[in-house]
Amino acid sequence: MQKFVYYAPTEIVFGRGEEARAAELVQRYGGKRVFVIYGGNSAKKSGLLARIEENLRAAGLSVLSSGGVVPNPLVSTARRMVEEARAFQADFILALGGGSVIDTAKGVAHTVATPGSDIWEFWTGRKVEASLPIGVILTISAAGSETSNSAVLTNDTLPQPTKRGITTDFNRPKFAILNPELTMTLPVWQIGAGAADIFMHTAERYFTPILGNHLSDEIAEGLLRDVVHFGPIAVKNPQDYEAMSELMWCGSVSHVGLTGIGAKGDTPRDGDWSCHQLGMALSAIGDYTHGATLTAVFPAWARYVKDANPARFVRFAEKVYGITEGTEEERIEAGIKASEDFFASLGMPIRLGELLGHAASEEEILAFTDECSYQKSRSIGSFRVLAYEDIRNIYSRA
């Protein structure tokens, strides 16, 4: 085990009806003027937004709510919310939704706390040095943003939209309320995409060049097995509380950094994150569902990089899927195929053409490759470092 520093300060409040504690938790972390960020009409139609507003106001808190966050959250929406929050003199940001809402809330919190700043500055190199406290009431099990130190936004104000992420401990929410019942009315597609995202947050950390961290591996493998088991059950029956609660907790654990502990230096061991970079380029250009972009590229990525460390893929096949028979190559392929079957059981695409709805043209592949490589200015990955031509080859094989 290498040395590491692990920091996960978010207070988790899990269970039925726990959203009733929103005001108590906001006050615990100093909030008096609460800016509530939500997504579309579902928060209104379900009555959840009204219940939370009433809960906060009954405790004597001032409340202003703002909606309109979309999947693959937009800088234009976040900028509008920054102005609203500044005018309201917000001192606490409460995210009511899933990863897109939470990531938007993080950007709003940083920008409001930094007078004179523009939100995109933090996504293009400016260091985050202050932020308002953030709370979360989670309604989608997927991104894990409720516990993570990362956030992703799409800048839709540029001639060519681009999707970028930032990592800072200022992104860590103060608390996250997790009531699995709030996820039971989601469309099946979103449940499946969420389960895929949870799987990939752990797989990205599992396929790492830094090995020998056995407990971290065991935790990761157990989480992957749990998602593989309960994900299809949740898709078939979203009213299954056990399945929905397992997915919700897996989502939080998958992105809190726990499965990546065991460092070279003082930060969690590097994951690979190639599939996320490949997927982010797809959704920046085509606005595709994030989880679906990951499943569309993972099989091609896995087959492209497996020779970098075949033993890792053998262990993955054995520990996650129980595959122990056959040659090394046969077990590796069986593990990748089992992942494809799992993704398909969630209703997710396993080929790029399934995601796009047509066979990708060479022009589209080049556009995706240019976006993923930041116009040929970077490589991606660490399990195997992927340069421009590697990225292009994976898209082509996908």
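**Close-up 1. Trp 273 sits in the loop between helix H9 (241–254) and helix H10 (274–286).** Helices here are DSSP runs of H or I with at least four residues, numbered from the N terminus. This is a predicted model, where local features need pLDDT of at least 70, side-chain atom pairs count only at pLDDT 80 or more, and totals for chains, interfaces and linings use all residues. Residues are numbered from 1 along each chain as its sequence is written, and side-chain values use heavy atoms, leaving out hydrogens and water. Trp 273 isn't a glycine, yet its phi is positive, at about 65°. With a relative accessible area of 23%, Trp 273 is partly exposed (between buried, under 20%, and exposed, over 50%, using a 1.4 Å probe and protein chains only).

**Close-up 2. Tyr 374 lies in the loop between helix H15 (362–372) and helix H16 (388–397).** Here's a residue other than glycine with a positive phi, near 50°. Tyr 374 counts as partly exposed, at 21% relative accessibility.

**Close-up 3. Helix H7 (residues 188–206) packs with helix H11 (residues 290–305) at an angle of about 55°, their axes 7 Å apart.** Axes are lines fitted to C-alpha atoms over the stretch in contact, and angles run from 0 to 180 degrees between N-to-C directions. Contact means heavy atoms within 4.5 Å. On the H7 side, the contact residues include Trp 189, Asp 197 and Met 200, and on the H11 side they include His 290, Leu 294 and Phe 298.

Methods:
Helices (H or I, at least four residues) and strands (E, at least two) are DSSP runs, numbered from the N terminus.
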